[in-house]
Amino acid sequence: MEPNVSKSPDRIASMFDAIAGRYDFLNHVLSAGIDRRWRRRAIQSLSLTGAERVLDLCTGTADLAIAARTARPAARRVIGVDFAAAMLGIGREKVRRRSFDGSIAFVRGDATRVPVLDGSVDAVTVAFGIRNVEHSQAACDEIYRVLARGGRLAILEFAVPTMPVVRPAYLWYFNHVLPRIGRALSRHQVAYDYLPASVGAFAAPGEFVTILRQSGFSDISAVPLTLGIVFLYTARRGSGG
Ligand SMILES: C[S@@+](CC[C@H](N)C(=O)[O-])C[C@H]1O[C@@H](n2cnc3c(N)ncnc32)[C@H](O)[C@@H]1O
C-alpha cells in the first residue's frame, strides 16, 4: 500500500503527538547524531549578535530553539510555534530544565497563521518542518510578513540526494531500513513510512528556492549538507521590501 502523504493539520499534529515521547531519541539514532550539527549550522547562518528575537516555526521539541539560545553569540529571545501539543510539552520541559524558560516562549499555532505582529522578529528558523506544512507557500509568505526588514531566514529540510551511488544507497536506507527502525522504536505504524514519503513528495531544492522567491525573499541560497540528504536554505527580507 502507498504511504499516505496527506498533510491535513489534524493528521500531522496527531501523528507528531503520538511519537513525541520518542521523537528526540529516534532523531539522533536515525541520523547517527548528525542532526545536532545541521541545527548548529542553521543557527550559524543567522550570524546572531546577541540582540535578536528569533521565531522558530514547527519547533517541535525545541532543539533548534535551544540551539539558538546556546549559540555564541546567542539569540536574545526565541518564540517556538508548533501545533502539536505533546511535542511542545516536551520542548517546554527541556527548556525549563536548562533554565531557558525566561528567554524561550512557546505558542501553540499553525505555521501559516502565526500570532506575531508584522515585521516583529529578526530571524526565522524552521527545521524539518516545512515539508509537513500543507501549504508551504503560505508559510513562506507568513515568514516574510513577520520578519523585520533585513531579517534572516534559515530552513533545514531533507532532500533526495542526486549523486550516483549515494542516491540508491540513501533511497534503500530511507525507504526500507529507516521505516522499520522507526516503527519498532516509536511503536507508531505509519509515522516513519510518512517520513520518506513526505520527503519524496516535497519540492526539490530548485523548486523550493522559487517558492521563497515568490514570497519576496532575496539573497536566497540552497546549500547541500551531508551529501545532499539535507539542504540549508537561507534568505533575507530585503531592507526595502
Ligand atoms: C519533524 S518535526 C521537527 C521538529 C523540530 N523543528 C526539530 O528540528 O526537531 C516537525 C514539526 O512540525 C510541526 N508542524 C508541521 N506542520 C505544522 C504547521 N502547519 N504548523 C505548526 N507546526 C507544524 C509538527 O507538529 C512537528 O512538531
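**Close-up views of a predicted model**

**View 1. Helix 7 is tucked inside.** Eight of the eleven residues of helix 7 (residues 191-201) are buried, so this helix is largely enclosed by the rest of the structure. Here, buried means under 20% relative accessible area, exposed over 50%, and partly exposed in between (1.4 Å probe, protein chains only). Helices (H or I, at least four residues) and strands (E, at least two) are DSSP runs, numbered from the N terminus. The buried residues of helix 7 are A191, Y192, Y194, L195, P196, A197, S198 and V199. Their cover includes helix 1, strand 5 (147-158) and helix 6 (166-186).

This is a predicted model: local features need pLDDT of at least 70, side-chain atom pairs count only at pLDDT 80 or more, and totals for chains, interfaces and linings use all residues. Residues are numbered from 1 along each chain as its sequence is written, and side-chain values use heavy atoms, with hydrogens and water left out.

**View 2. Meet the largest nonpolar core.** A nonpolar core is a set of buried Ala, Val, Leu, Ile, Met, Phe, Trp, Tyr and Cys residues joined through side-chain atoms within 4.5 Å. Among the 48 members of the largest one, F16, W38, I43, I104, L156, Y192 and V230 touch the most other members. Helix 1 (residues 9-30) gives the largest share of this core, eight residues. Apart from it lies another core, of 30 residues, including V114, Y144, I211 and F231.

**View 3. Look around I104.** Leaving aside neighbours within four places in sequence, I104 is in contact (heavy atoms within 4.5 Å) with A65, I66, R69, V78 and V95.

**View 4. Find F25.** F25 sits in helix 1 and is partly exposed, with a relative accessible area of 43%.
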